Amino acid sequence: MKRLNFIFLIFLFSVSLFGQEKERKSKRNTEVGLNITNTLAGFFNSGGSGLSKDPYLFTLKFGNSKGAARFATNFNTQSKSEFLINGNRKVEESLLFFRGGYEFRKPIDKRFMIYYGIDATVEYQLEKVDFSLFNSGSIFTENSTFGVGGGPVLGIQFQLMKRIALSTEASIYGVVNSRKDSLDEGRGAPPIENNSTGFKIAPSIPSSLYLIMIF
């Protein structure tokens, strides 16, 4: 896993240097994007909560008309507590999605532009459940998944006005993930742990719409 992290850092460093070299010859822009797919679906009463398969909520790009360094992320953490007949159940959940890469841009006309590039990705998910039984101890479980990967991306951007644009894109990411499951039943017994690794290919169609603000 340390080797994968090192390779990922080297990739991001190389992408950043390459992006800086490409952008020296023309004016840079900073582009901040927001995934508004579920907002629009809710506005039109289309059941927006489950429409988008794109996990990224915020995007950030530094570039010009020829190319840009690109980043995106989404994160969430929550906890809840439930009172049950035989005890209390407390659940904590956290997730993080991050990607970084570089895109090349090809204007079609004054308003339309296509772009293509490559990303590196990081995924992390954690769930903890603490079940406290009345007068009989507690049961604690922890499940975590960490993945790294990357792949190509292809998108299109439409310029609404000078500082506002819309974009959508498709991607195919391959991700190597490591999962750890732990169960502690208390009573002085050692925790039961299970470790596994896997690989997935996650294609994403252009199902998300991003509102881009250009500075």
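Predicted model: local features only at pLDDT ≥ 70, side-chain atom pairs only at ≥ 80, totals over all residues.
I looked up which strands line the largest pocket: S1 (29–35), S4 (87–107), S5 (112–133) and S6 (138–161) each supply at least two residues of its lining. Strands here are DSSP runs of E with at least two residues, numbered from the N terminus. Residues are numbered from 1 along each chain as its sequence is written, and side-chain values use heavy atoms, with hydrogens and water left out.

**Pocket.** I read a volume of about 430 Å³ for the largest pocket. A pocket is an open set of points on a 1 Å grid over the protein atoms alone, where a 1.4 Å probe fits, with protein on both sides within 12 Å along at least five of seven lines; lining residues have an atom within 4 Å of a point. The volume is the space filled by probe spheres set on the points. I find 17 lining residues, with Asn-29, Ser-65, Met-113, Gln-159 and Ile-214 nearest the centre. By class, the lining has eight charged, five polar and four nonpolar residues. Asp, Glu, Lys and Arg count as charged; Ala, Val, Leu, Ile, Met, Phe, Trp, Tyr, Cys and Pro as nonpolar; the others, Gly among them, as polar.

**Strand pairing.** I checked S4 and S5 and found them antiparallel over 21 bridges, in a hairpin with four residues between them. Pairing requires at least two DSSP bridges between two strands. Met-113 in S5 is the bridge partner of Pro-107. S5 and S6 also run antiparallel, joined by 21 bridges. Their hairpin has four residues between the strands, and Asn-135 takes a positive phi near 65° there.

**Asp-119.** I located Asp-119 in S5, with Gly-151 in S6 as its bridge partner. Asp-119 is buried, with a relative accessible area of 2%; buried means under 20% (1.4 Å probe, protein chains only). Its side chain makes polar contacts with the side chains of Arg-70 at 2.9 Å and Tyr-173 at 2.5 Å. A polar contact is a pair of N or O atoms within 3.5 Å, one able to donate a hydrogen and the other to accept it; residues adjacent in sequence count only if both atoms are side-chain atoms.

**Glu-31.** I placed Glu-31 in S1 and read it as buried at 4% relative accessibility. Its side chain has a polar contact of 3.0 Å with that of Arg-105. Beyond neighbours within four places in sequence, Glu-31 is in contact (heavy atoms within 4.5 Å) with residues including Thr-59, Lys-61, Gln-157 and Ile-214.

How values were computed
Buried < 20%, exposed > 50% of the residue type's maximum accessible area, 1.4 Å probe, protein only.
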